[in-house]
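Student: I'm new to this structure and would like a close look at a single part of it. Could you take me through one part slowly, starting with any term I need?

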Amino acid sequence: MSIPAELRYTPEHEWVSVEGTVASVGITEYAAQQLGDVVYVSLPALGTAVTAGEPCGEVESVKSVSDLYSPVDGEVAEINTELEDDPSLVNAEPYTSGWMFRVQVAADGNGDPALPADLLSAAEYEELTKSAG
Amino acid sequence: MTSFAGWQMPLRYASETAEHQAVRHAAGLFDLSHMGEIRVTGPEAGAALDYALTGHLSAVRPGRARYTMICAPDGGVLDDLVVYRLGEQEFLVIANAANTPAVYGELRSRAAGRDAVVTDATLDYALVAIQGPAAAGILSPLVAGTDLGAMKYYAGAFGEVAGRQAWVARTGYTGEDGFEVYSWPEDAEAIWDALTSAGATAGLVPAGLAARDTLRLEAGMPLYGNELGPDVTPFEAGLGRVVKFDKPGDFVGRAALAARAASGPAKQLAGLVISGRRIPRHGYPVLAGGKHRGIVTSGAPSPTLGQPIAMAYLEAGAAEDQPDLAVDIRGQVVPAQLTDLPFYRRSN
């Protein structure tokens, strides 16, 4: 199972990729496998203010429905409209074409994005998936 | 993998949608060894089952199967069952895994005083099912001792599969043609492997519980715990045909079931096709004319229809009074279309 080293992760099985002050968000391959075939993704509307750790959408698979959490604070800047027609991208390519939304994150005093301190590294996330069995 | 009634079961091997489509268009292989097998044997085995179940089992010929139910004295469904008559004095009752201890206990007490022996033989059997239009072609060359081509639906025979002793039956829970192979547990792996290699070129794939659930839902088949339970009789589920009032003698639940048949059920199982992509799930309210008049029992995206489908219990008359049906999907009211069950019927 793939856990790209360059990404950051949450215990809710989201991944975050930060470029400048924009954070791209999706769910991990582990999450996609646990959910099974994804049939519908409900994403936050553009401009929505999202809060780290709070639900901002839903991921429905054949067998279940799960909340989608924002891993960061900020404003939704872009959503992956491809998922409307083809939610199976989440299973096929969770880290690339299956991305879900992008958040404009506030900058700190140095111009760096203000990210939650508790985002996990790839190694920490891998540990978490192992302990989850 | 998932825990299911004390068994570790594969929910899916890869994509449940691909597994579903393989069963509809080629074949799927299921490990169903969790199902309960209860043996009922003896000179009065048939009479004991006639009293214990809703069906007329003593009239079933050896080598044939029946879909039937076991009800409580008040008519509530304790389980739905497939019963094979293996021989003149030998029946095999297939129960849902979670219900097997209860069914076994009821059969024992209901057979008391008759010349019949009831045994929980669940751990004596493994069960592998091969289902789909390609199933007969894949299985036949591996079978010795019986002619699958001549085997009727809901029939079974002893034979050998890949050189191992088995009871092979033309039964299933997918809406497709297919077979269920009951073997000794130690032979199941060899049978599974032989079927896997024999079916590779025909598109056979292993299939898990998730695909089994969407297949049976499209085929309009009830699932215990969803459509069936102690609070419904077979009549609410549209399965009144399994209650054989014309069989001789009394049977458990007869009086209550006769009353229910005469009065008509207060709710009825219906099929719904849903707009959009969100899935109506077990327990979601069904609205008729904006009022809560029913409840979803099972729902899933239908790979065959390309739309979400559901079975639901509707209050009698609700759909006739108020044709504007909808499902409340976590606060969103989504229009639903009433449709006849099953959602899918195979063409051959």
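Tutor: Happy to! Let's begin with a term: a strand here is a DSSP run of E with at least two residues, and strands are numbered from the N terminus. Keep in mind that this is a predicted model.

Now to our residue. Gln307(B) belongs to strand 18 of chain B, which covers residues 307-315. Is Gln307(B) buried or partly exposed? A residue counts as buried if 20 or more other C-beta atoms lie within 10 Å of its own, and as exposed if 12 or fewer do. Gln307(B) has 14 other C-beta atoms within 10 Å, so it is partly exposed.

Which residues does Gln307(B) touch, once its neighbours within four places in sequence are left aside? They are Val273(B), Ile274(B) and Ser302(B). By contrast, Val128(B) lies 179 residues away along the chain, and 30 Å separates its C-alpha atom from that of Gln307(B).

Let's step back to the chain around this residue. The domain assignment divides chain B into domain 1 (2-215) and domain 2 (266-348). Between the C-alpha centres of these two domains of chain B there are 30 Å. Where they meet, 9 residues of domain 1 of chain B are in contact with 7 residues of domain 2 of chain B. On the domain 1 side, helix 1 (16-25) and helix 6 (209-218) of chain B are the elements that give two or more residues. Helix 1 of chain B gives the most, with 4 residues. By class, that side of domain 1 of chain B has 1 nonpolar, 5 polar and 3 charged residues.

Terms used
Residues are numbered from 1 along each chain as its sequence is written. Chains are lettered from A and ligands numbered from 1 in the order in which they are written. This is a predicted model: local features need pLDDT of at least 70, side-chain atom pairs count only at pLDDT 80 or more; totals for chains, interfaces and linings use all residues. Domain bounds come from an automatic or database domain assignment. Two residues are in contact if their C-beta atoms, placed from the backbone, lie within 7 Å. Ala, Val, Leu, Ile, Met, Phe, Trp, Tyr, Cys and Pro count as nonpolar, Asp, Glu, Lys and Arg as charged, and the others, Gly among them, as polar.
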